[in-house]
Amino acid sequence: MAHEAEKKRRLAAQVQGVATVALALGIFALDVLSPLQGAVAVLYTIVVLLTTRANARGLTLTAGFVCALLAIAGYFISHDHEALGSAAVRLSVALVAIGVTTLLSVRHMAAAEHRRIADRRYRAIFNAAGFPIWEGDWSEAFRLLRGKQAPDAEAIDIAARTATICDANHAAAALFGLERREELVGGTLVRFHTPAAEATLGRILQAMIAGETTIEEETRFIDARGEPVDVLLRVTIPPQQKEWRQVLIMGLDVTERNQTNVRLAQAQAQLTHVSRITTLGQLAASIAHEVNQPLSALITYAKSGKRWLAREAPDAAEVSDCLDHVVSNGTRAADVIARIRALARRADPRQDAIDLASLVDETIELLRRDLNTHDVTVEVTMPEGLPPLVGDRVQMQQVLMNLMLNAEQAMAQVAPGARVMCVEVVAEPDSVAVHVRDSGGGIAVEPESLFSPFFTTKSEGMGMGLSICRSIIESHGGTLGAENHPDGGAVFSFRLPVAGAMESAA
Amino acid sequence: MSEMFDGGCVCVVDDDDGIRGSLGSLFRSAGLAVALHDSPDAFLKAGLPKGPACLVLDVRLPGINGLDFQETLAAQGMGIPVILITGHGDIPMTVRGMKMGAVDFLPKPFSDEQMLAAVATALERDRARQAGAESDARLNECYARLTPREREVLGLVVAGLMNKQVAAKMELSEITVKIHRGNVMRKMEAQSLADLVRMAEQLGVRDESAHRFNI
């Protein structure tokens with residue numbers, strides 16, 4: 001096949017060559033033999049132009065040269081005996097015309113050659129690129145959406161159906177689970193769409209309407225095998241493309257990266273949970289006491305209620321009082337258990353509105369028994385009307401609990417009367433800072449090293465507490481640090497953006 | 001089933017409202033007077049109630065250990081019987097409490113019968129203690145009425161010396177000794193010599209150096 005075509009092409013070139021030579025000879029004959037006084041030699045420019053079709057620089061130059069010779073020869077044959085006059089002027093005009101045509105043709109051919117090389121290089125890169133690239137013709141979408149502010153669902157749907165793929169490389173076909181790129185070219189991506197992809201397309205179109213020429217969006221497709229593929233799309237409209245006739249789209253397969261991230265997040269959540277359970281384990285004795293206390297009261301109230309009934313003159317008011325207390329103490333025990341269960345709960349991080357003041361109070365309440373046992377005095381400074389934070393309440397409580405327990409343990413060597421833990425909450429313009437200060441011996445090592453995993457000063461510690469605290473705070477867009485206070489003791493501080501500030505930053 | 005108590009007051013020192021209130025109700029239902037305090041300081045400020053009383057004391061109190069407070073009470077001579085209660089007592093704690101004379105050591109949650117039985121024992125002990133203290137006071141009062149001479153005679157008489165031996169030892173006439181002895185019996189309100197001997201034992205005023213057969 002290719003051979004035949006080659007033959008045909010060669011034959012056509014030969015025919016054209018012969019025709020061009022014949023034309024040149026014809027013009028020569030006309031110039032010499034006809035009595036016409038016109039600038040017949042100017043017609044040689046046609047010959048020069050014809051040779052450009054062969055796309056050979058040398059040929060065109062030769063043709064120009066030969067044509068110029070023929071024109072000069074024609075002049076000498078017809079006007080040899082004449083003095084220099086109008087014929088000589090005509091010859092000069094013809095020679096200039098031939099020369100200019102030849103030069104322009106050659107330059108044009110050089111430019112065309114450049115373009116061809118550039119185009120070939122682009123194609124080579126396009127096809128050989130290891131990542132998926134495809135070109136789309138979105139001109140229909142352009143017509144449809146021209147002058148609109150935001151595309152509606154229907155417009156997006158139509159745009160998606162009309163945006164044909166003009167070209168695609170092999171990696172693009174592989175991205176969509178296809179064997180050959182020809183399966184992609186000429187069609188659309190509609191069959192791979194998911195609701196997420198449609199939403200993404202909407203956003204891309206909106207950005208394009210707004211005049212952006214480079215848009216990056218992450219989305220999800222369903223490939224030909226039915227597997228979900230996460231793709232980071234980069235849509236580029238080349239500068240000279242005014243009507244979205246050629247839109248260049250690069251897609252990066254981020255499925256694996258996303259899966260890894262999900263697994264990482266899961267592992268982190270598990271670790272966070274384990275650390276929380278470990279912390280609760282440290283509090284086990286206090287918690288048992290915390291539950292036992294109301295239960296003991298409840299039992300005694302119930303017994304004494306029975307006694308009030310069994311008296312010779314039963315006292316209804318006393319019995320009623322006992323029952324009230326049975327209820328309130330039962331509720332108290334249940335509350336303690338609910339608090340613990342919330343902490344022991346294993347759930348994905350949530351986005352709650354957090355009232356920091358109540359969280360601090362509740363955490364101190366939870367640790368109250370333990371702090372009392374260790375003779376720790378707690379001082380809390382908290383302004384009124386703190387702005388709410390957004391995040392996972394349980395994780396936040398875990399951080400507070402860890403910092404407070406650390407403070408308590410840091411003061412184990414201090415005289416019982418001098419164990420003071422200060423919890424200070426400070427409202428800052430866009431954030432809230434919490435400082436937990438102890439009156440212990442301070443941090444003996446480089447404070448930053450406390451936050452590295454497996455760093456511990458305790459014999460039974462895992463050394464993960466602070467490291468996990470930091471990752472919790474950082475996942476909430478905040479910072480956690482430690483330093484020694486100038487007046488002694490260590491201060492652990494974290495700073496979290498308030499709800500509004502975080503949204504505007506995002 | 002309700003034990004009826006013949007008076008008595010139970011003081012409760014516990015920082016937990018629930019425990020304190022429930023014990024209050026229990027004791028009142030059994031006919032006892034109660035005084036509830038949330039801290040040892042409040043208890044000390046209120047002072048001991050009149051009549052037989054006992055103290056139900058939580059071992060774990062904010063700022064102070066109940067056992068330490070028990071020790072302080074004993075050191076201050078406040079002999080009120082103590083019943084210790086605790087959320088999680090261990091053996092060393094129990095031993096220490098009982099050694100210091102606690103009536104009972106009850107872990108929470110305790111049964112009402114156990115608690116009331118312990119209170120009954122404690123009140124009985126306090127009643128006896130107070131009765132003992134009363135008779136001591138009475139005896140001391142009587143003893144204070146004796147003249148130095150009479151006290152000397154008392155010491156020798158209860159040591160078993162006969163009147164004439166006493167007279168010889170004190171270089172008095174036997175008649176004078178008899179008069180002194182009669183005064184002692186009257187002033188001490190003793191019904192018999194045996195009675196006087198018991199009183200002297202209680203007061204510790206027997207003349208240990210004197211001996212009937214070896215003057």
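Which residues of chain A does UniProt list for "transmembrane region"? The unreviewed entry gives residues 59-77 and 83-106 of chain A; UniProt positions follow the numbering used here, feature names are shortened, and annotations may be inferred rather than shown by experiment. The model is predicted, with local features needing pLDDT of at least 70 and side-chain atom pairs counting only at pLDDT 80 or more, while totals for chains, interfaces and linings use all residues. Residues are numbered from 1 along each chain as its sequence is written, and chains are lettered from A and ligands numbered from 1 in the order in which they are written.

Residues 59-77 of chain A are 100% helix and 0% strand, with end C-alpha atoms 26 Å apart. Here helices (H or I, at least four residues) and strands (E, at least two) are DSSP runs numbered from the N terminus.

Further along chain A, strand 3 (residues 214-222) and strand 4 (residues 228-236) run antiparallel and are joined by nine bridges; strands pair if DSSP finds at least two bridges between them. A:Glu217 has A:Leu233 in strand 4 as its bridge partner. Five residues lie between the strands of this hairpin, where A:Gly226 takes a positive phi near 90°.

Turning to the two chains together, the contact (C-beta atoms, placed from the backbone, within 7 Å) takes 22 residues from chain A and 18 residues from chain B. On the side of chain A that touches chain B, helix 10 (284-310) and helix 11 (316-344) each supply at least two residues. Helix 10 of chain A gives the largest share of that side, 15 residues.

Chain B itself has nine helices and seven strands.
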